[in-house]
Amino acid sequence: LLQLYAPLNFLGFVYREIKHSLADMEKMFKLLRQNAEVKDTPDARTLQASSAAIRFESVDFGYERNRQILRDVSFEIPAGKTLAVVGASGAGKSTLSRLLYRFYDVWQGRVTINGIDLRDMTQESLRAHIGIVPQDTVLFNDTIYYNIAYGKTGASREEVIEAARAAHIYDFIEKLPEGFDTMVGERGLKLSGGEKQRVAIARTILKNPPILIFDEATSALDSKTEKGIQAELKAISADRTTLIIAHRLSTIADADEIAVMEDGRIVERGRHLELLAQNGHYARLWALQQHEEPADHVA
Ligand code: ADP
Ligand code: MG
């Protein structure tokens with residue numbers, strides 16, 4: 001941990017990089033609170049919810065003042081339901097998850113959980129309610145055990161093992177000479193993208209939050225592993241409010257709702273079959289993907 005405190009002058013840079021990749025946000029945010037662009041108001045309340053309804057209401061947002069990214073984005077994810085967001089790279093999908101985690105505040109409109117504006121709750125309590133499996137997981141320079149157990153303060157060894165099993169990473173860990181005590185990260189064993197993702201999934205399963213965000217969470221997996229994990233993700237998201245950002249449309253065909261984003265706007269919304277029947281943006285994306293190899297996907 002001390003190693004992370006050392007390069008104080010680089011924190012601003014690190015902060016922006018981290019925000020961009022959504023990597024290890026929770027830990028970094030604790031370290032970087034002083035640098036945060038978003039601040040708790042003095043009377044911010046503590047969010048305490050076992051189920052969470054999410055609403056984006058006419059949200060406008062951009063990272064830079066003169067470049068608007070999201071335009072009038074509105075949607076609702078009822079408690080326990082799943083919204084899948086699809087669309088071309090750069091459309092603004094990951095930006096939605098960054099706003100929900102309140103890395104940034106919206107320009108216009110608002111984002112609410114159970115009717116409470118994110119700006120009226122403490123960041124800490126907000127983030128305690130959200131589990132994220134990001135596009136690129138950065139692991140801590142620590143044991144693989146620590147990297148999973150981080151999901152829940154005071155987790156028992158049984159719980160950690162259970163989470164590893166559920167994320168289909170247990171057998172892999174058991175085969176390592178040092179098992180769960182294997183050092184990973186920059187200075188340890190280098191894990192593949194898929195293995196890192198499964199560690200992040202295990203961590204999230206352990207955290208057991210009411211809100212889940214999967215940002216192309218299975219993009220680094222081969223299609224066989226993906227199928228196994230997909231079933232698991234489906235099981236853990238069953239009674240949780242879930243935002244899935246997906247490239248491979250086959251993985252989200254059974255979502256409660258699918259939103260298609262284009263150029264910072266939601267251009268289509270509905271269920272898989274409805275959208276296919278509409279013969280619009282989604283139907284085109286779907287048709288395109290039928291010609292791709294299963295493991296092939298565009299970033
Ligand atoms: P998607 O996830 O759909 O591929 P993103 O939400 O990541 O798209 O990005 C939407 C747009 O916002 C892109 O044009 C991207 O370049 C821009 N963008 C993303 N993150 C940042 C950032 N930290 N600073 C400036 N622009 C950004
Ligand atoms: Mg993205």
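Gly90 puts a polar backbone atom 2.7 Å from an oxygen atom of ligand 1. That's in a predicted model, where local features need pLDDT of at least 70, side-chain atom pairs count only at pLDDT 80 or more, and totals for chains, interfaces and linings use all residues. Residues are numbered from 1 along each chain as written, chains are lettered from A and ligands numbered from 1 in written order, and side-chain values use heavy atoms, leaving out hydrogens and water.

**Around ligand 1**

- Ala91 has a backbone N or O atom 3.2 Å from an oxygen atom of the ligand.
- On its own, ligand 1 has 560 Å² of accessible area, and the protein covers 78% of that (Shrake-Rupley, 1.4 Å probe).
- The ligand has 15 residues around it, and Arg67, Gly90, Lys93, Ser94 and Thr95 come nearest (near means a heavy atom within 4 Å).
- By type, the shell splits into five nonpolar, six polar and four charged residues, with Gly counted as polar.
- Helix α4 (residues 93-100) gives the most to this shell, at four residues; helices are DSSP runs of H or I, at least four residues long.

**Helix packing**

- Helix α7 (residues 157-166) and helix α9 (residues 193-207) have axes that come within 8 Å and cross at roughly 130°, with axes fitted to C-alpha atoms and angles running from 0 to 180 degrees between N-to-C directions.
- For α9 and helix α10 (residues 223-237), the axes come within 12 Å and cross at roughly 15°, which makes α9 roughly parallel to α10.

How values were computed: A polar contact is a pair of N or O atoms within 3.5 Å; within protein, one must be able to donate a hydrogen and the other to accept it, and residues adjacent in sequence count only if both atoms are side-chain atoms. Helices (H or I, at least four residues) and strands (E, at least two) are DSSP runs, numbered from the N terminus. Angles under 35 degrees count as roughly parallel, over 145 as roughly antiparallel, 65 to 115 as roughly perpendicular and the rest as oblique.
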